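Trainee: I would like to learn how to read features in a model like this one. Please take me through a few.

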Amino acid sequence: MKYKVTARYTVFCTLEVDADTTSDAFEKAFATDLKDYTHSSPEDFEMKDAVLLEENFTEEQQAFMKAYEDNVGSAPTEIVKAFMLATEDDDFYANHSEYYTTLADARGVWEDAKRYFKEAK
């Protein structure tokens, strides 16, 4: 599986400038090239998010997720992705029971629509 992981950290940049006032110091610092600043080591490193990428899903699964989002949308996107990857042996059903019914019903409608379409040909 491929994920897009987002993290953040803080880097402090300092610069000494000659100025008459705080405003003047800010203006001079703002006008100075960033390479002239002294940069601290990264601090407060924090993992923010890991998102399962769409490329992990078939075109049909992606179409279902888009249709669910547009027409039902009661479950968050990451929950819908987890549902699409779940098997009966997974803990999904126990851990996300509040979303299971709408997702299962939507998938049932999706499967029936595909079957009806194929039968009509």
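Mentor: Start with the elements: helices (H or I, at least four residues) and strands (E, at least two) are DSSP runs, numbered from the N terminus. This is a predicted model, where local features need pLDDT of at least 70, side-chain atom pairs count only at pLDDT 80 or more, and totals for chains, interfaces and linings use all residues. Residues are numbered from 1 along each chain as its sequence is written, and side-chain values use heavy atoms, with hydrogens and water left out.

Trainee: Which helix holds both Lys-28 and Asp-24?

Mentor: Both lie in helix H1 (residues 22–31), four residues apart, about one turn of the helix. The term means a side-chain nitrogen of Lys or Arg within 4 Å of a carboxyl oxygen of Asp or Glu.

Trainee: How many salt bridges does the structure hold?

Mentor: It holds 12. One of them joins Glu-60 to Lys-114, with the closest N and O atoms 2.2 Å apart. Glu-60 is in helix H2 and Lys-114 in helix H5, so this pair ties together parts that are 54 residues apart in sequence. Arg-8, Glu-46 and Lys-48 are linked in a salt-bridge network.

Trainee: Which residues of H2 are buried?

Mentor: First the cut-offs: buried is under 20% relative accessible area, exposed over 50%, partly exposed in between (1.4 Å probe, protein chains only). In H2, the buried ones are Gln-61, Phe-64, Met-65 and Tyr-68. Seen down the helix axis, they fall within an arc of 100°, so they line one face of H2. That arc is taken from the directions from the helix axis to the C-beta atoms. The face turned away from the buried side carries exposed Glu-59 and Asn-71.

Trainee: What covers the buried residues of H2?

Mentor: The cover includes helix H3 (77–85) and helix H5 (97–120). Contact here means heavy atoms within 4.5 Å.

Trainee: What should I know about phi?

Mentor: Most residues other than glycine have a negative phi. Asp-44 has a positive phi, near 55°. This residue sits in strand S4 (residues 43–52). Asp-44 is exposed, at 56% relative accessible area. Just after H2, Gly-73 also has a positive phi, of about 60°.
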